[in-house]
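Work through the following exercises with the sequence and the model open. Each task is followed by a solution in steps.

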Amino acid sequence: MNEKSLLTILVPLKGRVEYTKRFLKYCQVIDSPFKVLLLDGGHPNDLGDFVKDYPFAKYWRCPYDSSIRHFVSKMAYGHSLVETPFVVAMDNDDFFDASGLLVACNFLLKNKTFSSFCGDVRSFILNGFDIVPDKSIYTKPSILGNTEEERIISCFENFHSHWHNVIWSDYAERVYKLI
């Protein structure tokens, strides 16, 4: 399967326009093979025009995120727009290793009973020009579950979200519709 058709990076937005511009530039500089879907629930801004310069990205302007309900609705709709087999949600201030995301996609293609794959996600702090490693943000691997339902529930229970997990798109869409 073509790398460009494997994964969509879903990025929910609410403000922080400069971070989003930097995120798109980062994707371009590293020659990311993935599609990017931006779901903007912030105040009106110029991102729609800016995104036109990035053919790998699609921009959707949605109602203002005034509540968790609006946010979840936005995410459910965003997942319904994904056309690739896999999706990963991340913030506009995140960086990623494209090769690691490809490993996750290839693992899931070979192991269809797994609903998601998450590598070791690390937080770090910028101290001037030095990067100070912090720690892994995950505490318990979801692989310990016996079924795909147990494994995805573990992601939500132990990690407080599914951000950075590569997930089968149809599964992620069903989860958000249920919520």
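**Exercise 1. Describe the burial and the pairing of strand β1.**

Step 1. Both faces of β1 are covered: Leu7, Ile9, Val11 and Leu13 are buried on one side, and Thr8, Leu10 and Pro12 on the other. Buried means under 20% relative accessible area, exposed over 50%, and partly exposed in between (1.4 Å probe, protein chains only). Strands (E, at least two residues) and helices (H or I, at least four) are DSSP runs, numbered from the N terminus.

The model is predicted: local features need pLDDT of at least 70, side-chain atom pairs count only at pLDDT 80 or more, and totals for chains, interfaces and linings use all residues. Residues are numbered from 1 along each chain as its sequence is written, and side-chain values use heavy atoms, with hydrogens and water left out.

Step 2. Strands pair if DSSP finds at least two bridges between them. β1 runs parallel to β2, joined by 6 bridges, and Pro12 stands opposite Leu39 in β2.

Step 3. With β4, β1 pairs in the parallel sense over 4 bridges; Leu10 has Ala89 as its bridge partner there.

**Exercise 2. Find which residues of α4 are buried and what covers them.**

Step 1. Helix α4 spans residues 98-110 and reaches 19 Å from its first C-alpha to its last, close to the 18 Å expected at 1.5 Å a residue. The expected span is 1.5 Å times one less than the number of residues.

Step 2. Ala98, Leu101, Leu102, Ala104, Cys105 and Leu108 are buried in α4. They lie on the same side of α4, because they cover an arc of only 155° around the axis. The arc is that of the directions from the helix axis to the C-beta atoms.

Step 3. The cover over these buried residues includes β1, β4, β5 (116-117) and β8 (166-168). Leu7 of β1 is in contact (heavy atoms within 4.5 Å) with Leu101 and Cys105, among others.

**Exercise 3. Characterise the surroundings of Asp40.**

Step 1. Asp40 is found in strand β2 and is buried, with a relative accessible area of 1%.

Step 2. Leaving aside neighbours within four places in sequence, Asp40 is in contact with Leu13, Asn45, Leu47, Tyr59, Trp60, Arg61 and Cys62.

Step 3. The side chains of Asp40 and Tyr59 are joined by a polar contact of 2.6 Å. A polar contact is a pair of N or O atoms within 3.5 Å; within protein, one must be able to donate a hydrogen and the other to accept it, and residues adjacent in sequence count only if both atoms are side-chain atoms.
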